[in-house]
Amino acid sequence: MARRPTADEGIDLAPLIDHSLLSPVATAEQVAQWCAEGDRYGFASVCIAPCHVPQAVDLLHNSRVKVCTVIGFPTGATTSATKLFEAQEAADRGADELDVVINLSWLKAGQTDAVHREIATICEETGLLVKAILETAVLSPAEIALAADICMDAGATFLKTSTGWQGGATVEVVRQLGNIAQGRVGIKASGGIGTAAQAVALVQAGATRLGTSRGVELVRQQQETAASQ
């Protein structure tokens with residue numbers, strides 16, 4: 001798990017980035033481009049839809065870049081059996097990491113045991129690194145804290161802020177999740193990260209991964225800034 005940097009340290013964004021391509025109209029050519037960029041820039045992972053996992057696994061098999069995919073994306077409202085099948089299929093096809101959208105309806109209805117059981121089963125049955133997507137933009141601070149505690153107890157390795165479909169990461173939410181986690185799990189900030197400065201602010205707030213489709217742009221911004229100093 002990445003160590004949280006202090007404000008005066010240089011922050012290399014590239015190894016923290018999950019280079020994400022989650023458009024429903026993403027093509028095989030784009031997947032190939034994302035994988036090539038992931039390898040070139042040394043991103044943490046390339047995050048693609050489940051149907052693209054075999055291609056990404058093939059393209060990245062000699063790379064240190066992980067293959068990440070999403071489960072129950074983007075609503076989290078599919079059944080537990082469906083999510084488990086999707087997760088197991090992704091694991092069987094070679095995925096390294098799973099970003100799983102929690103069932104927000106259950107959370108808001110107080111069905112905490114069901115939320116816990118769903119995440120725990122996926123963690124246990126696949127054995128993969130699981131990032132639980134909390135979709136913080138639609139939760140109150142109390143609900144965020146509850147969801148975080150449930151997912152950590154269920155075995156998630158990361159707490160992820162957002163799918164990007166309902167809103168994005170904020171410094172305030174990342175800081176809250178970091179205070180809750182206390183280093184026990186990673187924090188993935190995702191959604192709406194448009195500039196290198198914003199990405200750095202999220203890392204300084206406690207993010208140890210960054211989910212973005214703009215990974216190349218962010219790294220180039222950071223390189224240009226460094227070159228001008």
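This is a predicted model: local features need pLDDT of at least 70, side-chain atom pairs count only at pLDDT 80 or more; totals for chains, interfaces and linings use all residues.
Reader: What makes the protein as compact as a globular protein of its length?

Author: Let's start with the inventory: the protein has 9 helices and 8 strands. Its radius of gyration is 17 Å, close to the 17 Å that the globule rule gives for 229 residues, so the protein is as compact as a globular protein of that length. The C-alpha atoms fill a box of roughly 55 × 40 × 25 Å along the principal axes. Of the 229 residues, 49% count as buried.

Reader: How much do residues 24 or more positions apart contribute to the contacts with a separation of 6 or more?

Author: They account for 68% of those contacts in the protein.

Reader: Why is T69 called buried?

Author: Buried means under 20% relative accessible area. T69 has a relative accessible area of 0%, so T69 is buried. You will find T69 in strand β3. Leaving out residues up to four places away in sequence, T69 touches I48, A49, P50, V53, A90, A95, E97, L98 and D99.

Reader: And why does G164 count as partly exposed?

Author: Partly exposed lies between the 20% limit for buried and the 50% limit for exposed. G164 has 41% relative accessibility, so G164 counts as partly exposed. Its place is in the loop between β6 (158-160) and α7 (171-181). Beyond its neighbours within four places in sequence, G164 is in contact with E135 and G191. The C-alpha atoms of G164 and E135 are separated by 8.2 Å, with the two residues 29 apart along the chain.

Reader: How do you know that β1 and β2 pair, and in which sense do they run?

Author: Two strands pair if there are at least two bridges between them. Strand β1 (residues 17-21) is joined to β2 by 4 bridges, and the two run parallel. H19 stands opposite V46 in β2. On to strand β3 (residues 66-71): β2 and β3 also pair in the parallel sense, over 4 bridges. Here V46 stands opposite V67 in β3.

Reader: Which helices complete β-α-β units with these strands?

Author: Helix α1 (residues 28-41) makes a right-handed β-α-β unit with β1 and β2. Helix α2 (residues 53-59) makes a right-handed unit with β2 and β3.

Reader: What makes you say that both faces of β2 are covered?

Author: In a regular strand the side chains alternate between the two faces of the sheet. Within strand β2 (residues 45-48), S45 and C47 lie on one side, V46 and I48 lie on the other, and these residues are all buried.

Reader: How do you know that the length of α3 agrees with its number of residues?

Author: Helix α3 (residues 80-92) has 13 residues, and at 1.5 Å a residue these should span 18 Å. The end C-alpha atoms of α3 are 18 Å apart, which agrees. Just after α3, G94 takes a positive phi of about 110°.

Reader: Why can the buried residues of α3 be said to line one face of the helix?

Author: The buried residues in α3 include K83, L84, A87 and A90. Seen down the axis of α3, its buried residues fall within an arc of 130°, so they line one face of the helix. On the other side of α3, A81, F85 and D92 are exposed.

Reader: What covers the buried residues of α3?

Author: The cover includes α2, β3, β4 (97-101) and α5 (112-126).

How values were computed: Residues are numbered from 1 along each chain as its sequence is written. Side-chain values use heavy atoms; hydrogens and water are left out. Buried means under 20% relative accessible area, exposed over 50%, partly exposed in between (1.4 Å probe, protein chains only). A crossover is right-handed if, with the strands pointing away from the viewer, the path from the first strand over the helix to the second runs clockwise. The expected span of a helix is 1.5 Å times one less than its number of residues. The arc is that of the directions from the helix axis to the C-beta atoms. Contact means heavy atoms within 4.5 Å. The radius of gyration is taken over C-alpha atoms; the globule rule is 2.2 Å times the number of residues to the power 0.38.
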